[in-house]
Amino acid sequence: MPDDVLADLAAATDGDAVRPAGDGDAVAGVAPRYVAAPGSTEEAAALLRVAAARNLAVVVRGAGTKQDWGGPPRRLDLLLHTRRLTGVVEHAAGDLIVVVRAGTPVAELQAKLAPAGQQLALDTPLPPGAAATVGGVVATNTSGPRRMRYGTVRDLLIGITVVRPDGVLARAGGKVVKNVAGYDLGKLFTGAYGTLGLVTECAFRLHPLPTARAFLSCRSSDAAEAGSRVAAVLASQLAPSALEVDAAPGGGTETAVLLEGTARGVRERATAARALLGGATVTEQPPPWWSSYPWRSGDVGLKLTAALSGVPRLLAAAADAARRHRVPLTVRGSAGTGVLYGALPAGTAPEAVAAIVTELRAETAAVGGHVVVLTAPLAVGERVDLWGPVEGLDLMRRVKAQFDPEARFAPGRFVGGI
C-alpha cells in the first residue's frame, strides 16, 4: 500500500532526500518513521508544513554528537536531518561577521575562516573524531574552555533564521553586532534542545586568530591546592583565554592555563604565570584532555556549575562523594567560569548515581550552581531527574506553548518534559 505521508514529504523537497527510517536513525532509543534532509530553508519550511498537517512529531539531527543528551522523545515520526543545510552564506571579513547554514560542521567553518586570519571563537568539547554542527552547538549552547575570554554561543550569535513548527519562517537579528531590531530569537533558541523549531542559518561575530599561544600546566595533590592556584590566576593580570582543571580519580588535579596574543606578549605572560603557579610546563600544544568531555559512550555525563569562589569546594565535594560511594568520578572543565563536567563509568548502579547526583546538587546549590545529567543510560534516566530544580519552568512552558502548541517538536527532550 502506498505511504501517503512519505509521498507528501517527498513532494515538499528533493525526493531522494526523503526515505523511510532505518537502523541507526533512532534518537535516545526511539525510532522515527521517516527521515528527511531539506536542502534549503524553503524546503525545510515545506517539510514542516507537511509535518504540521499530518501531526508528525519531529526531532532535528545534525552530526548526532549529542543525540543522547536530554530525555528520549515521547514520540517521534520524522527525523529532520541538516546534512544538506551546509556552507557559508556570507563572510564579511572586514566586519568580522559570518552567516552560515546550520548543518555546517564547526571544524569546516573554522577552516574556511582561517585564511582570513579569523575564527569563530567557540570550542566544542567532543569525543575524539566527532564533528559537531553549527546548529547542534546552538541547540545545546555548547561552549568550551575559551568561553572565559570570548563568551558563549549566546554572546557570539547575532542573527538567526528559524522555521517554526508550523512551517513559518522567522528571522531575528542581523549582520551587525549592535542590532536591536526584532525579538532576540537567537538567545531563545540557544540551548532549547530543538524544542522550539528548526534553526537553518546563523550569523556570528568573529574574532582575529591570535598570532601565538601557550599552554601552562601543573599538577596539584588535592582540590585545595588546585583551588589556590586557580584563585591566584584569576586575581592576576595574566588575562588568560582559558583556565581549566582535570581531576581524575586518585590522580590529583591538573590545572591548565591558555594564554593567547602576540608572540612577545605571550612569552612575557607565560614567564609570569610560571612564577605564579610555582612552576609549570609550557608548551604550544594543549594537554590531551583539553576541550573534551570526561565521559565515553555509555557513561553518565554530568554538568556541574558553581560561582568561581565555589569551584574548589565543588571539586572537593565530588572527590568525597566518589570515595563514599566507591565509584570513580572524573571532573573536568572551566575553573575560570565555574562550568565543570563529571563522568561516572558505564555500569554504575542507578542507586549510586542517584545518591551522588543528590549530594552534588546540594553542594552546587550552596555555591550558586546546579547539576544537570546530560547523558545517561536509560536505567539511570528512569531513576534520576535529569535536570533537577529549574527556576522559570512555568515561563519556559508558556514559551513552548506559544511556539509549538501541539508539542510536536522534540517532545519530552527538554527540562520539565518540554
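What volume does the largest cavity have?

Reply: The largest cavity has a volume of about 420 Å³. The model is predicted, so local features need pLDDT of at least 70 and side-chain atom pairs count only at pLDDT 80 or more, while totals for chains, interfaces and linings use all residues. Residues are numbered from 1 along each chain as its sequence is written, and side-chain values use heavy atoms, with hydrogens and water left out.

Some terms come first. On a 1 Å grid over the protein atoms alone, a cavity is a set of points where a 1.4 Å probe fits but cannot get out; a pocket is an open set with protein on both sides within 12 Å along at least five of seven lines; and a lining residue has an atom within 4 Å of a point. Points are joined across faces, edges and corners, and a volume is the space filled by probe spheres set on them.

The largest cavity is lined by 30 residues, and those closest to its centre are Val60, Gln67, Gly135, Gly136 and Ala139. Helices (H or I, at least four residues) and strands (E, at least two) are DSSP runs, numbered from the N terminus. Strand 3 (58-61), helix 4 (134-140) and strand 10 (198-205) each give two or more residues to this lining. Helix 4 gives the most, five residues. By class, the lining has 15 nonpolar, twelve polar and three charged residues. Here Ala, Val, Leu, Ile, Met, Phe, Trp, Tyr, Cys and Pro count as nonpolar, Asp, Glu, Lys and Arg as charged, and the others, including Gly, as polar.

The whole structure holds two cavities of 30 Å³ or more. Of its 16 lining residues, Pro125, Pro145, Glu244, Gly333 and Tyr341 lie nearest the centre. Strand 17 (330-334) and strand 18 give two or more residues to that lining, and strand 17 gives the most, with three. The lining of the second largest cavity is made up of seven nonpolar, six polar and three charged residues.

There is also open space to consider. The largest pocket has a volume of about 840 Å³. Its lining has 36 residues, with Arg154, Thr190, Gly191, Met396 and Phe414 closest to the centre. Among the elements that give two or more residues to the pocket lining are helix 7 (185-189) and strand 18 (339-344). Helix 13 contributes the largest share, four residues.
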